[in-house]
Amino acid sequence: MGKYILKRFGYMLTALFVIVTLTFLLMQLLPGTPYGNVDELTDNQIELLDKRYGLDQPVAVQYVKYLGNLLQGDLGVSFTYTGRSVNTIIAERIGPSALIGMQGLIFGTFVGLILGIVSALRHNTFLDYGSVVIAVLGMSIPAFVFAALMQYYIGVQWKLLPPALWEGYANTIMPSIALSVTVMATVARFIRSEMLEVLGQDYVITARAKGISQFNVTVKHVIRNALIPVLTMLAPLTVSLLTGTLVIEKIFAVPGIGEQFTMSIMVNDYSVIMGITIFYSFLFVSIIFIVDLLYGLLDPRIRLDGGKRE
Amino acid sequence: MDEILQVKDLDVSFKTYNGETNVLRGVNFSVQKGGTLAIVGESGSGKSVSAKTIMQLLPKQNSIVNNGEVLFEGENLLTYNEREMRKVRGSDISMVFQDPMTSLNPTMSIGKQIMEGLLEHQNLSKKQAYDTAVGLIDLVGISNPESRMKEYPHQFSGGMRQRIVVAMAIACKPRILIADEPTTALDVTIQAQILDLMKDLQNQLDTSIIIITHDLGVVANMAQRVAVMYAGRVVEIGTVDELFYESKHPYTWGLLSSMPKLHEDEREPLVPIVGSPPDLEQPIQGCPFAPRCPYAMKVCHSHMPEDFSVSDTHASACWLLDERAPEVKAPVGTEVNANE
Amino acid sequence: MSEHRDHISEDMFTPDPIVGKEETQVSDTPQLSFWKDAWIRLRRNKGAVISIVLLLFITIMAFVGPMMNEYTYKDQQIAHSHLPPKVVGLEWIGFDGTDKNGVDVYKEKGIEDVYWFGTDQFGRDIWTRVWEGTKISLYIAFLAAALDLIIGVVYGGISAFYGGRVDNVMQRIIEVLVGIPNLILIVLFILILEPGILSITLALVITGWVNMARVVRGELLQLKGQEFVLASRTLGSSDFKLITKHLLPNALGSIIVTLMFTIPTAIFFEAFLSFIGLGLQPPLASLGVLIEDGYRTMQLLPYKMIYPAIVISVIMICFNVLADGLRDALDPKMRK
């Protein structure tokens with residue numbers, strides 16, 4: 001088990017290192033300058049700014065410096081918002097993103113689990129077909145289309161919920177639901193096929209042959225074995241949540257990290273783009289790591305042998 | 001009679017996307033108290049389906065029992081609902097499956113898996129169930145039972161796992177143990193151990209056994225009585241001696257002569273049965289074996305033979321037993337008998 | 001019992017074996033080839049069939065649609081801006097050229113021309129732009145999928161076929177790559193390359209091929225251990241022949257299914273990029289660009305967003321349903 005954790009931790013660090021390096025190099029290739037009002041600046045002023053941000057130094061030196069700062073948790077300063085550090089910007093904006101992200105994740109997973117489990121247990125019935133259709137729609141209709149429609153009808157036409165901005169809990173509901181759709185569909189489809197596979201396993205028949213009730217077989221043997229692989233979905237789900245927040249925060253004007261990211265892209269604010277990229281990657285890589293650990297804990301085949309899962 | 005289980009006229013169909021497939025077409029057999037019945041036949045002949053029908057473990061959505069009775073101590077199990085059936089499964093009748101690699105839940109400790117059935121059927125406390133489970137692991141010949149309780153299936157070898165499966169099956173001292181090809185997936189040496197284990201337990205617990213196999217060696221080793229299945233029917237049933245030495249059915253002859261024997265003239269080649277079993281999706285007219293039978297008569301292609309009783313214990317569904325049929329000398333059996 | 005038996009006449013009991021007489025008659029159930037069987041199964045899947053038909057229709061419309069009226073996707077006619085949809089003969093289901101307040105904009109502005117899906121702020125015909133956009137979106141998706149396929153098959157194939165250290169190194173690279181959120185990488189690449197059809201496609205491929213490579217490797221590894229491959233190897237087949245004759249055809253099912261899921265993903269990401277402002281530059285338009293454009297004025301002119309949104313949703317649904325159908329049809333485990 002110790003070896004397994006170490007190995008996973010190694011991958012995590014390597015991935016992070018690759019991401020940081022890659023981001024840094026890509027940023028060097030970016031066209032344009034990071035200063036918003038470049039036309040009004042004299043060459044002299046640009047030089048001064050370059051000096052102030054350390055951009056006059058060779059790329060290698062900048063890189064080492066950046067890495068050094070990063071190790072201390074410092075993501076640098078924004079070029080657009082003078083004097084504000086990327087850390088502050090992220091800290092200010094993480095709250096709304098985390099809130100709608102978690103709400104979306106929990107709600108989507110919950111509904112997805114129910115849909116998927118019901119679907120598998122009532123395989124080839126109308127309940128099954130119904131949930132499959134919902135899942136396919138959820139997978140297929142782009143989140144921003146869904147969000148825009150929801151905003152238009154629920155927010156603007158029927159005025160059931162505030163259509164945008166961030167003024168109270170009611171503002172979190174639509175963004176969370178919009179985020180949850182992909183999660184719900186992904187989980188539902190995944191759990192359905194896992195359940196169907198487990199239901200066909202010999203050990204399920206063995207359990208039934210022992211006289212265990214259908215309910216207990218489902219809970220103790222089927223769902224447990226079907227749920228473990230669902231953990232692996234957490235990483236792709238995080239990605240879809242991150243992707244989702246970019247557009248959904250834009251649509252609902254949620255002051256979160258995603259909105260900041262799209263804004264920074266518009267104004268070429270290197271350090272913020274980099275900072276958020278690295279922050280997202282760190283989040284993602286940590287989740288992969290945690291999932292691997294949990295997988296190890298839940299699946300005795302890995303827990304005890306540190307062996308590979310198939 | 002001291003018959004603990006009687007299967008009568010069992011007729012089962014599966015729904016497939018091509019329509020219905022009639023997989024059991026009137027199966028009849030019975031099991032004696034404390035005795036062992038072997039069911040032999042090729043793959044797809046309906047052996048496992050018969051077993052699963054007895055246990056009512058066939059998936060309900062795509063299987064239909066058209067007709068028949070499964071009498072367990074006089075009670076028809078097919079009339080039981082799921083709740084009543086649950087009390088029978090694992091307690092009165094239990095089952096051992098073919099592949100020990102897949103028939104244990106990989107994420108549950110084996111102790112828990114053994115205790116599960118005990119807790120379900122017998123009013124035991126957790127502690128009692130635990131002690132019983134430890135005793136069972138010991139009984140099936142695995143050392144250090146206490147420490148192995150906490151282990152998971154992947155930590156056991158195939159033979160060990162099958163011992164666990166057997167322990168699980170006998171946990172509640174069932175009246176009948178159905179073993180569906182219990183040794184097919186195991187090494188030859190392990191096979192013998194598992195069979196011996198089952199025989200020992202049978203003697204200790206006075207359990208009846210139905211063993212499903214396509215290995216005639218296993219039949220000779222384990223059973224007193226044999227039912228030969230072909231295309232969803234029992235074509236011949238009798239004691240081991242009757243079937244091995246006085247068989248009246250050409251299919252059984254075929255099975256016997258396709259089996260290698262130790263003390264036989266080595267130059268004599270094994271005789272395969274020509275052709276392959278019929279497509280069960282199509283209705284079958286006449287004897288299902290007729291197209292492959294070298295002794296087939298006109299009647300065989302048009303009329304399904306009924307069971308001809310040969311002796312009290314021996315019946316065979318073959319038109320050759322009709323008094324009007326020509327005399328045919330069995331190619332196997334009698335000679336073997338003479339040699340011994 | 002015997003009473004039934006007596007009905008049978010004596011002469012029925014003459015030997016009449018089939019065996020040996022006509023060898024061919026014994027055991028010849030028609031064997032369906034794998035692909036034929038899969039095709040039959042796919043045809044049985046109503047959703048998949050409808051999806052194929054719809055996708056064909058949309059693809060054809062992507063080419064024919066823009067030619068169905070006299071407008072082009074880039075000609076601006078400011079006088080004709082913001083006209084609601086109007087179809088002569090379909091006024092009764094809403095294509096009547098009236099805006100949200102029920103005013104007939106065409107009459108008000110005195111315009112004789114008819115725009116089926118209306119016009120945008122520059123007076124460009126939305127019908128033409130939607131189908132042009134569909135063409136571009138499909139083009140990007142298919143190109144990305146094709147590149148994914150090539151890279152994925154080569155990478156996964158080499159990794160699985162040579163195994164050992166090669167495989168080990170290649171897999172470590174993949175392990176690191178999957179640790180990078182693809183979305184971030186795509187965004188960064190677009191930022192550098194400047195949005196364009198090719199750059200968007202390349203950005204999608206940069207992360208997209210990994211999945212295909214994993215599928216191919218997994219599939220080939222499984223096949224490699226099977227006996228027919230060993231047999232072929234024992235008979236002295238060359239590596240090339242082994243790969244092309246035995247391994248790839250058997251892995252084809254999974255490859256097709258993966259490919260089918262790649263296409264909607266690519267379409268989605270392209271639209272997503274457009275939506276966060278990294279899409280194609282005007283006057284070019286993909287479905288995503290149109291949706292983004294429509295979204296900005298959705299409260300006043302909902303029709304601008306509706307049509308591209310419907311087309312993209314239908315495409316996505318069809319590809320997903322088709323991919324599901326193909327998976328069911330090609331999955332040998334589900335063969336009876």
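**Notes on a three-chain model**

1. Let's start with one residue: C:Tyr115 counts as buried because it has 25 C-beta neighbours inside 10 Å. (A residue is buried if 20 or more other C-beta atoms lie within 10 Å of its own, exposed if 12 or fewer, and partly exposed in between; C-beta atoms are placed from the backbone.) You'll find C:Tyr115 in the loop between helix H4 (105-109) and H5 of chain C. Its C-alpha atom is separated by 9.5 Å from that of C:Thr128, 13 residues apart along the chain.

2. A word on ground rules. This is a predicted model, where local features need pLDDT of at least 70, side-chain atom pairs count only at pLDDT 80 or more, and totals for chains, interfaces and linings use all residues. Residues are numbered from 1 along each chain as its sequence is written, while chains are lettered from A and ligands numbered from 1 in the order in which they are written.

3. Now chain A. The C-alpha atoms of chain A fill a box of roughly 85 × 55 × 30 Å, taken along the principal axes. Of its 310 residues, 43% count as buried. Look also at contacts between residues at least 6 apart in sequence: in chain A, 73% of them join residues at least 24 apart. (Two residues are in contact if their C-beta atoms, placed from the backbone, lie within 7 Å.)

4. With 340 residues, a compact globule would have a radius of gyration near 20 Å, and the 21 Å of chain B agrees with that. (This radius is taken over C-alpha atoms, and the globule rule is 2.2 Å times the number of residues to the power 0.38.) The box filled by the C-alpha atoms of chain B is roughly 65 × 45 × 40 Å along the principal axes. In chain B, 46% of the 340 residues count as buried. For contacts between residues at least 6 apart in sequence, 64% join residues at least 24 apart in chain B.

5. Where do chains A and C touch? The contact takes 36 residues from chain A and 33 residues from chain C. On the chain A side, the elements giving two or more residues include helix H1 (2-29), helix H10 (234-252) and helix H12 (270-298). H1(A) gives the largest share, nine residues. By class, this side of chain A has 28 nonpolar, seven polar and one charged. (Ala, Val, Leu, Ile, Met, Phe, Trp, Tyr, Cys and Pro count as nonpolar, Asp, Glu, Lys and Arg as charged, and the others, Gly among them, as polar.)

6. Staying in chain A, take a look at A:Thr238, which lies in helix H10. A:Thr238 counts as buried because it has 21 C-beta neighbours inside 10 Å. Leaving aside its neighbours within four places in sequence, A:Thr238 is in contact with A:Leu283, A:Phe284 and A:Ile287.

7. Over in chain C, helix H11 (residues 287-296) has nine of its ten residues buried, so it is largely enclosed by the rest of the structure. Among the buried ones are C:Leu287, C:Glu292 and C:Tyr295. What does the covering include? H6 of chain A is part of it, together with H5, helix H10 (239-275) and helix H12 (303-330) of chain C.

8. Helix H3 (residues 46-64) of chain C packs with H5(C) at an angle of about 120°, with their axes 7 Å apart. (Axes are lines fitted to C-alpha atoms, for helices over the stretch in contact, and angles run from 0 to 180 degrees between N-to-C directions.) H3(C) and H5(C) are therefore oblique to each other. (Angles under 35 degrees count as roughly parallel, over 145 as roughly antiparallel, 65 to 115 as roughly perpendicular and the rest as oblique.) Residues that meet here include C:Ile58 and C:Phe63 in H3(C), and C:Trp131 and C:Leu138 in H5(C). The contact divides into six nonpolar, two polar and one charged.

9. The axes of H5 (residues 126-162) and H6 (residues 164-178) of chain C come within 6 Å and cross at roughly 140°. That makes H5(C) oblique to H6(C).

Definitions and conventions. Helices (H or I, at least four residues) and strands (E, at least two) are DSSP runs, numbered from the N terminus.
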